[in-house]
Amino acid sequence: MKTITTANSALAVSATDRFRPAFHYTAERNWLNDPNGLVYLNGTYHLFYQHNPFGPDWGNMSWGHATSRDLLHWEEQPVAIPCDGQEAIFSGSAVFDEHNTTGFGTPANPPLVAIYTSAYSDGSPLAGRQAQSLAYSLDEGSTWTKYQGNPVLDRASADFRDPKVFWYDGDAGGYWVMVAVEAVQRQVVLYKSADLKSWEHLSTFGPANATGGVWECPDLFELPVDGNPQDTQWVLIVNINPGGIAGGSAGQYFLGQFDGATFRSGTTVTEGLQQDDGRMREYGWLDWGRDYYAAVSFSNVPDGRRIMIGWMNNWDYARETPTGAWRSAMSLPREVSLTRADGKVRLRQEAVDPFPESQPGGFRLGPRALAAGVLELPAHAAVARIDAEFEPGTAESVGLMVRAGAGERTIIRYDLARGQLGLDRRESGHVGFHEAFPSVETVAVPLQDGRLRLRIYLDRCSVEVFAQDGLATVTDLVFPAGAATAMAVFAEGEGAHLVSLDVVGL
Ligand code: FRU
């Protein structure tokens, strides 16, 4: 689905290129990590990202760039902000400076402004520091100029990074707000500015909840609960590495209120400080798998839609994943919303769907009893959307096997006694490249009216599971054999029903 072709693309096809995703963004060549500068402008979504233009491993950090009109078909653009002898360009955000508050553009042609972390190299007088800098574009993101007055915010810190900026409209007028991290201190620091150039400290949040690793890539935005504009909450995203719920990298979130200066969380678990497993499961997690990190949201999207993208990888093993000339993919974009369920406000996530409803050639099973055992499906796919609804009844477990064959399988299993959904990739194919890779991720998922609804996106090296219409998600990489395309549904114990199963492939 990638529309770009380059003179090098023939070279890029190697034995391991069978892992190249069909509907997840990858750079044509070389390394990528965090999504950066997610911004919408005039019909185009811009995805900038941490990128090494010179090799398939982390280094030479620069902002790569891709554009899309539908969040699914991406076209790679030239590197937007390259590193140089003075600085690496670490993560950050981008805003449309509509009223030209920076003066970088004109009222008739206001700028796009990138706010990024300058990670100063040995060649710089600021070597060893991280501070926040600006670059701007007057041609809708095609070319970028660094601001002469960089850095614009320097705390003389070695771990001050990942600025996310948004426009805040308060009773007393509007201003820019930046959330960034003091990563090692596990703190989110908030600043305000009228022009993105001079910044005033507002407040500091944290440490709180999960603190077993550095805090990185924060985000802060307001969402209505069940679509009601009179009933809103603010969502503070804090990515953490390591110390995530499934091990290694993950994204946690806090719900609360932001008054223009201070974020106050209603979901901070304050009693007891130990990070035991039970306590970790009380926190809000964006995803319960191992491969959804550095997730942040787009700015300037019309109609108040809040769309996030995560880096589909984990720092535990990101540099060893067995792909070819490219390394790492982005998650599917997810629209996030808030809903009240069981008296609690919960985050709901829905992927931007690469499979139009009208797609022909699908496979469907209607309602039926599921006897104990494995029911192989006559459908095969490495790239598909699967919708399954189970009524587990008195069974011990129900679930699906995907990417099965050649002695491999990835298992999505609901355990009735525990009320837990699991994603098991221990036998999913190539798992030996890192000891942390063979894993089982679990998340508590209450049945709704006795039913479990799953939407699963399979791509060539990933499984993304959305349970109960996106109230819980689990994302994991898998590296199966090319021939491992079989699927099955199963039950352990008697009494389960399959309500429906739909498979759509590419
Ligand atoms: C998160 C991160 C950021 C940093 C960037 C460097 O994955 O460590 O904190 O800005 O990656 O590539």
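I looked up Leu190 and found that its bridge partner in β12 is Ser203. Strands here are DSSP runs (E, at least two residues), numbered from the N terminus. The model is predicted: local features need pLDDT of at least 70, side-chain atom pairs count only at pLDDT 80 or more, and totals for chains, interfaces and linings use all residues. Residues are numbered from 1 along each chain as its sequence is written, and side-chain values use heavy atoms, with hydrogens and water left out.

I checked how β11 (residues 187-193) meets β12: the two pair in the antiparallel sense over five bridges. Pairing requires at least two DSSP bridges between two strands. I then traced the open sheet, whose four strands run in the order β9-β10-β11-β12 with antiparallel pairing. β9 and β12 (200-205) are at the edges with a single partner strand each, so one side of each has no neighbour in the sheet.

Next I listed the residues near the ligand (a heavy atom within 4 Å); among them are Gln50, Trp58, Arg161 and Trp315.

I went through polar contacts (pairs of N or O atoms within 3.5 Å; within protein, one must be able to donate a hydrogen and the other to accept it, and residues adjacent in sequence count only if both atoms are side-chain atoms). A side-chain N or O atom of Asp162 is 2.6 Å from a ligand oxygen. For Ser91, a backbone N or O atom is 3.1 Å from an oxygen of the ligand. A polar side-chain atom of Asn33 is 3.2 Å from a ligand oxygen.

I noted that β1 (30-41), β5 (87-96) and β9 (160-170) each give two or more residues to the shell around the ligand.
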